[in-house]
Amino acid sequence: MAVNKIIYGGKTLVDLTSDTVTANDLAEGITATGADGNPVVGVMQKGEIATNSEIDNALALAGTGTIPSGGVVPIAQGGTGATTAAQARANLGAVAAGDLASVATSGNYNDLTNKPTIPSMANTTLTGSTSAETLTVSKTLNIPGGQIWIG
């Protein structure tokens with residue numbers, strides 16, 4: 001039994017009764033649920049998505065003109081100005097994930113190379129004479145909790 005509407009506690013949770021999806025609207029093999037609640041399996045072939053003529057018409061309607069010769073759409077018209085993915089990344093200032101160090105995508109400190117040595121600051125004692133504004137410290141300054149407020 002197909003279900004196209006779910007009402008729970010007097011509230012409509014799902015309502016597909018006005019859905020207009022058809023098999024011709026979906027790419028081949030893609031599934032959705034129709035207005036009757038039954039599965040709809042797409043039959044549209046990849047080559048049928050849009051022809052060059054249809055793209056030209058859409059661009060003309062959008063006010064950007066037609067696709068330039070060679071199929072390269074300039075950046076100013078919403079394109080990449082390139083014919084390859086590498087050129088497009090370069091033109092748009094983007095990088096491919098493979099061009100990045102592993103830490104850029106993992107966020108893991110252990111993926112860093114040439115890590116700095118971070119010294120331990122536990123029980124550090126300042127000695128000597130240090131001045132800041134009107135604060136002068138001679139010999140030893142011990143700051144419990146590691147904080148000092150001036151001002």
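In this predicted model, the side chains of K5 and D15 meet in a salt bridge, with an N to O distance of 3.9 Å. The pair links distant parts of the chain. K5 belongs to strand β1 and D15 to strand β2, ten residues apart. In general, side chains of opposite charge can pair when their charged atoms come close. A search of the whole structure finds one salt bridge.

β1 and β2 pair in the antiparallel sense. Four bridges join them. Within this pairing, K5 stands opposite D15 of β2. The two strands form a hairpin, with two residues between them. G9 sits in the turn and has a positive phi of about 60 degrees.

The surface also carries a nonpolar patch. M1, V3, I6, Y8, L13 and V14 form this patch. Together they have about 710 Å² of accessible area. Both strands contribute: β1 (5-8) and β2 (11-15) each supply at least two residues of the patch. L13, one of the patch residues, lies in strand β2. L13 is exposed because its relative accessible area is 54%, and the cut-off for exposed is over 50%.

Technical notes:
Residues numbered from 1 in each chain as written. Predicted model: local features only at pLDDT ≥ 70, side-chain atom pairs only at ≥ 80, totals over all residues. Heavy atoms only, no water. Patch = residues over 30% accessible without salt bridge, like charges linked within 9 Å, V, L, I, M, F, W, Y side chains within 5 Å. Areas by Shrake-Rupley, 256 points an atom, 1.4 Å probe, with all protein chains shown as cover. Salt bridge = Lys/Arg side-chain N within 4 Å of Asp/Glu carboxyl O. Buried < 20%, exposed > 50% of the residue type's maximum accessible area, 1.4 Å probe, protein only. Pairing = 2+ DSSP bridges.
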